[in-house]
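Please examine the structure before reading the solutions.

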Amino acid sequence: MSLANPEAKGISTKQKVALAIGFVGFFILALALLNTGLPNQGLFLTVSLGLITIGTILFANDAYLTKLEGIKNDGVWFKSISSRGVIGWLTGVGLTAFYVVLYFYADLLGLGTNGESNTGLVALFDPLSRLLSGNPASQWFVYGTLYTIAIIAFGYKFILKYRHNRYQQIRTVSVMFFQLGFAFLIPEFMARLNSDTFKLPYYDLKNVWPLNYYNFEQYRIDEFINAGNIGLGLLIFGVASIFIITPILTYKFGKRWYCSWVCGCGGLAETAGDSFRQLSSKKLSAWKLERWLIHTVLVFAVVMTTAVVYTYLGYDPNKYWLTKNVFLMSVAGFLTFIFVGVMIFKRKELGKDARYGAIGYFAVIMLLIGIHVFGDGGKIFFLKAETLRSSYGFMIGSIFSGVIGTGFYPILGNRAWCRFGCPMAAILGFQQRLFSKFRITTNGGQCISCGNCSTYCEMGIDVRAYAQKGENIVRSSCVGCGICSAVCPRGVLKLENDKLDGRISSNEILLGNDVNLMDYVNNK
Amino acid sequence: MEHIVIIGNGISGVTAARHIRKMSDKRITIVSAETDFFFSRTALMYVYMGHMKFEHTQPYENWFWKKNNIELKSGFVDKVDHQSNELIFSTGETMSYDKLIIAVGSKPNKFGWPGQDLDGVMGMYHKQDLENLDKHAPNNKVCKRAVVVGGGLIGIELVEMLHSRGIPVTFLVREESFWNVVLPAGESGMINRHIKNHHIDLRLGMNLKEIISDEHGKAKAVVVQETGEVIDCDVVGLTPGVSPNIDFLKDSGIELGRGVKVNRFLETNIPNVYAIGDCAEQHEAIGLRRPIEAVWYTGRMMGETVAQTICENRVEYKPGHWFNSAKFMDIEYQTYGWVFGQPKEYEQQFHWIHEDDTKCITVSYHKETQEFLGINTFGIRMRHEVFDQWLTEKRDVDYVMQHLAEANFDPEFYKTHETEILSAYKNSQLQTA
């Protein structure tokens with residue numbers, strides 16, 4: 001209908017000035033990229049990042065502080081940037097190009113190779129890198145800095161946008177804190193501890209395997225072990241993160257404790273990506289694709305990691321107390337334990353999904369047997385572990401999470417990676433679905449099926465489909481961002497951690513219509 | 001196979017169809033002249049505001065109907081011939097039925113104002129109204145001012161819609177305070193102030209006298225009854241309520257009042273013809289409810305009920321405790337039980353308002369028995385289930401006030417107000433004692 005493209009309300013003069021300030025900041029980066037040989041790089045870097053931040057802050061102030069508190073989605077589907085218009089597509093292409101260069105052609109950014117010093121954009125970041133870690137910058141340092149600036153500046157914008165909603169504000173402060181501290185500063189400071197005799201691997205402590213799929217590779221394990229008690233402590237923390245800490249926190253709070261409060265990918269999605277959340281597909285077909293894709297990536301990650309660890313355990317049997325076969329058996333044993341446990345105790349909750357779980361389980365076990373049978377040199381079915389690792393790194397680590405995951409924000413929405421690809425999200429989602437107190441509660445019969453919740457769900461969950469039936473929302477993919485609850489005009493949705501009884505509810509007749517209500521309430 | 005035909009694809013008709021399908025394999029056809037697929041009428045405003053696209057207002061994907069074997073028929077029913085169990089469409093086409101459910105909803109009221117049919121004058125009910133509004137008020141250059149007449153729920157939504165596109169709005173409200181036929185004075189006053197805080201030109205106690213036309217038959221100004229003031233405008237929204245959309249049933253033999261007359265089983269005077277939703281009128285009001293209830297929730301409940309009856313489980317329409325919700329610009333409103341704008345003679349009300357002037361509650365209870373009768377809550381979300389239970393258990397007001405925190409449904413980390421409310425309540429009890 002004609003509503004497709006009414007003239008969006010123009011931006012104010014103050015907002016134009018703010019945009020101009022931000023663009024000057026980017027212009028300095030562009031000058032550096034073109035190797036114009038900026039003098040006093042420290043000063044120019046400060047000015048550039050400062051202008052970008054100030055521009056975003058001024059823009060947000062004028063956009064939100066001039067209005068009363070409340071939902072600020074006016075014109076979202078009229079603006080080119082947020083409705084897959086021309087500006088949206090151009091932004092998508094630009095971001096994608098940036099990621100391709102970052103991952104595969106870092107020399108174009110000015111990364112010094114073969115011991116040469118940096119030039120261009122990377123060189124601009126040298127002073128900051130030296131200040132923090134003592135080393136020259138790399139393309140990853142450039143990326144990390146810009147990433148952190150984005151989360152902080154757009155986090156500020158997000159906090160103003162939701163200034164009536166304390167859940168959103170506190171959550172955003174949390175992702176800003178974890179990005180700045182854990183992802184950015186602490187690893188740089190840790191690098192300062194390194195000397196000729198002591199070296200810790202670069203470690204963002206909040207990154208958990210399988211998201212940091214490289215955590216148990218041989219060079220890192222060696223570095224952990226060689227770094228004495230600190231290193232061993234970090235290694236134990238890495239293992240405990242996935243096997244102990246994660247299940248406990250997910251049981252208590254749902255996967256949101258990680259995905260929308262701590263995780264860096266989530267942090268960027270929730271702040272810089274907030275304008276694109278409505279672009280995620282809510283079709284049933286997208287959900288089907290999601291389930292196959294994300295679990296395939298998880299299987300890939302498990303098998304790849306197992307094969308890699310299996311391989312280096314074999315190289316030097318005296319170095320590691322764990323032997324190849326013990327390791328393989330314990331992986332298989334652990335998976336069997338989980339699988340059997342779920343089938344016995346959680347069969348009912350799984351419903352039809354049990355079949356898919358079984359398929360996944362047997363696929364992994366077959367592959368593990370493959371490693372064992374064809375295990376010479378860590379091959380599974382004639383594929384070397386190293387080949388597996390590098391193709392995982394290329395396809396999942398670079399293309400999926402970076403190029404598609406973030407580059408396609410303006411096209412696929414801000415959580416394409418988290419939804420379709422992240423193996424960590426798959427594990428947490430499995431725990432959330434079956435072993436968690438978290439749910440989104442639907443408020444009796446108050447839903448009017450308006451669809452704001454579904455539209456603004458970044459994970460593409462059709463929230464309304466549950467709410468209009470009076471059902472609670474218990475979905476593995478839900479990252480608990482709480483926006484469905486925020487945009488609901490009727491106060492129908494509430495994220496909460498509560499008893500396991502009645503967590504998954506399903507009502508034929510909605511509350512409000514009398515079908516012996518006390519029966520209904522007591523049976524819940 | 002029995003053929004169930006439902007006229008109207010709104011929430012009532014679609015709920016009936018879904019439940020009949022769940023319980024049976026009868027042939028089901030839904031007829032609509034408005035849209036091909038079911039959409040949420042309450043969400044139309046968000047399409048104009050740019051929060052959603054029209055397809056987002058459709059709760060089911062387009063394949064849903066075929067997959068569930070629910071036939072959709074696009075067409076306008078001109079006549080119902082119950083003697084031959086037949087519908088006659090405006091095209092002359094006919095369709096026969098075994099059972100007919102009338103779920104045709106409402107149409108906007110018009111009170112015979114001069115100029116009410118001019119171009120640029122519209123209600124806000126159908127999808128076509130939305131398209132019309134978008135044509136006449138695409139932005140604040142084409143529409144330099146809009147006047148909205150009628151201080152109810154649709155009126156304030158239309159105000160919010162126009163405001164979202166930066167269009168200056170004058171809001172003519174007949175009552176001395178916004179929606180005070182329903183809301184107690186404290187709440188109504190707070191909403192008045194909230195509307196003005198959004199820079200809406202709110203005119204209380206003002207009626208429309210006439211709408212003035214330009215030379216092309218398009219509205220160019222309105223005249224205010226009380227003051228004679230002429231307000232220039234490009235769009236006039238008329239939202240003085242709705243009434244059942246039943247003109248096509250005149251002379252059909254189906255008993256009509258203001259709506260289609262039904263008994264508690266939602267049956268009309270004609271066997272195998274039922275009416276549900278906005279267009280149904282109870283012979284006698286149920287409890288304190290009105291005989292016609294044009295509310296989303298009651299439409300849905302009637303759909304759930306009539307589906308039982310049609311599937312050989314004849315049950316009465318027995319709505320439980322009254323509840324409703326709305327949103328006034330940025331302030332959410334929920335109500336459970338009965339709180340009257342003009343308190344009944346047996347009714348005592350306790351009112352609390354937050355100092356920021358965007359949150360308040362009114363609790364209604366029985367003067368003598370102290371029984372809790374209902375609550376209105378603004379800016380604080382509360383749990384349907386908890387109040388439903390308390391109303392059923394006939395809790396007294398002290399119990400409710402002391403346990404109010406159990407009913408809180410605000411998002412986590414929100415500031416809570418129960419302590420403050422309780423101490424205000426205790427003070428008010430001391431004063432009345």
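Two exercises with worked solutions follow.

This is a predicted model, in which local features need pLDDT of at least 70, side-chain atom pairs count only at pLDDT 80 or more, and totals for chains, interfaces and linings use all residues. Residues are numbered from 1 along each chain as its sequence is written, and chains are lettered from A and ligands numbered from 1 in the order in which they are written.

**Exercise 1.** Determine how α6(A) and α11(A) cross.

Step 1. The axes of α6 (residues 139-161) and α11 (residues 264-271), both helices of chain A, come within 8 Å and cross at roughly 45°. Axes are lines fitted to C-alpha atoms, for helices over the stretch in contact, with angles from 0 to 180 degrees between N-to-C directions.

Step 2. α6(A) is therefore oblique to α11(A); angles under 35 degrees count as roughly parallel, over 145 as roughly antiparallel, 65 to 115 as roughly perpendicular and the rest as oblique.

Step 3. From α6(A), the residues in contact include A:Y147 and A:F158, which meet α11(A) residues including A:G267 and A:T271. Contact requires C-beta atoms, placed from the backbone, within 7 Å.

**Exercise 2.** Determine how α2(A) is oriented relative to α6(A).

Step 1. The axes of α2 (residues 41-64) of chain A and α6(A) come within 9 Å, crossing at roughly 10°.

Step 2. The two helices, α2(A) and α6(A), are therefore roughly parallel to each other.

Step 3. Among the residues making this contact are A:L49 and A:Y64 of α2(A), and A:I149 and A:K161 of α6(A).

How values were computed: Helix = DSSP H or I, 4+ residues; strand = E, 2+ residues; numbered from the N terminus. Contact = placed C-beta atoms within 7 Å.
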